[in-house]
Amino acid sequence: MNDNKFVAAMSRALALAGNSPIYGENPQVGAVLINDAGEIIAEGWHKGAGTPHAEIDALKNLAGKNLTADGLTAVVTLEPCNHVGKTGPCAQALIEAGVKKVVFGTYDPGKTEGGGRFTLEEAGVEVVSDVLRDECVQLIAPWFTNKFNKRPYVVIKWAASVDGRTAAADGTSKWITGAEAREDVHARRASSQAILVGTNTVELDDPELTARKPDGSLYENQPLRVIVGERELNPAARVFNSDSETIQLKTRDISNVMQQLFDRGVRQVFVEGGAQLESSLISLGYADEFLIYLAPKLIGGPATAIRDIEVATIDKAVGLEFIETKKLGADLLIRAIYKEN
């Protein structure tokens, strides 16, 4: 049941959820309270562990207008919680506030947190689920990976020609994509916790791996630079400059890398190469999201974006779902996740 007013309200709730901490203890959640005409009366979002959940935030903002929730509909990106943690159960709070209907995007996967819909229904509150479900599921994907898989959320990035090449025959690769695509990459670096590369990338490209604004100045947030591999590197390499912290994990064990980073508090990594490291992450099932920047060029040759990922026949190909496409100057950004079977 995707009533247009619910879709519009859920779109707003998703936008609000973007204000929540991305890699916090709790998932990003947004909520709005609407009347029968679909007009938003109050809204809220979760601001971090120990603070009011999105529904409670919306109810408090409603109370601040000297209004009550009687007869209103709550539209929430995630099923209202059903347990007492650092805050009380949202399902019960909505019941006590007098809402007549609750619309949510996706179910709460937590064993103790989930099930709020049943509490609501038992109290006579109408419940509608799965409104903009895919968008709501993707919103909490990083949190889900952190909480249930106990590892960082892994974003794989590459820039290539349309025939999938990342460099010419002589090894040159600067620049395959244009300025707009590079600006997008730097902005995404600035919102990342760590950038991951292999030793071969450091040796061949000598990257800084900093996040820079279009004017060349540094973003305030500079992610941790992580180099994976046992090879000894030149201490004068630009990645070791003082613009951000750099560590080298001298191992080929990708699982160990994920564990070390998670233990360090890293909840998301932005992988920038090279092809062997990214291929290993894909083969081992650690790649959660793909950012593919395609330039309108043909290069040919052996320098492909990824190497062997153990696909022996076409029916074993790794399926992806494109969840966003965007023109960046002459280039195209494709954002993808694994396609569910």
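Trainee: Where in the chain does Gly274 lie?
Mentor: To place a residue, name the elements on either side. Gly274 sits in the loop between β10 and α10 (275-283). Keep in mind that this is a predicted model.

Trainee: What kind of peptide bond joins Gly273 and Gly274?
Mentor: Read the omega angle. Here omega is about 0 degrees, and the bond between Gly273 and Gly274 is cis.

Trainee: Which loop holds Leu132, and what is its phi?
Mentor: Leu132 is in the loop between β5 (126-128) and α5. Its phi is positive, about 50 degrees, although Leu132 is not a glycine.

Trainee: Is Leu132 buried or exposed?
Mentor: Compare its relative accessibility with the cut-off. Buried means under 20%. Leu132 has 17%, so it counts as buried.

Trainee: What is the phi of Lys150, and where is that residue found?
Mentor: Phi of Lys150 is near 55 degrees, a positive value in a residue other than glycine. Lys150 is found in the loop between α6 and β6.

Trainee: How do the lining residues divide by type?
Mentor: The lining of the second largest pocket has 18 nonpolar, ten polar and twelve charged residues.

Terms used. Residues are numbered from 1 along each chain as its sequence is written. This is a predicted model: local features need pLDDT of at least 70, side-chain atom pairs count only at pLDDT 80 or more; totals for chains, interfaces and linings use all residues. Side-chain values use heavy atoms; hydrogens and water are left out. Ala, Val, Leu, Ile, Met, Phe, Trp, Tyr, Cys and Pro count as nonpolar, Asp, Glu, Lys and Arg as charged, and the others, Gly among them, as polar. Helices (H or I, at least four residues) and strands (E, at least two) are DSSP runs, numbered from the N terminus. Buried means under 20% relative accessible area, exposed over 50%, partly exposed in between (1.4 Å probe, protein chains only).
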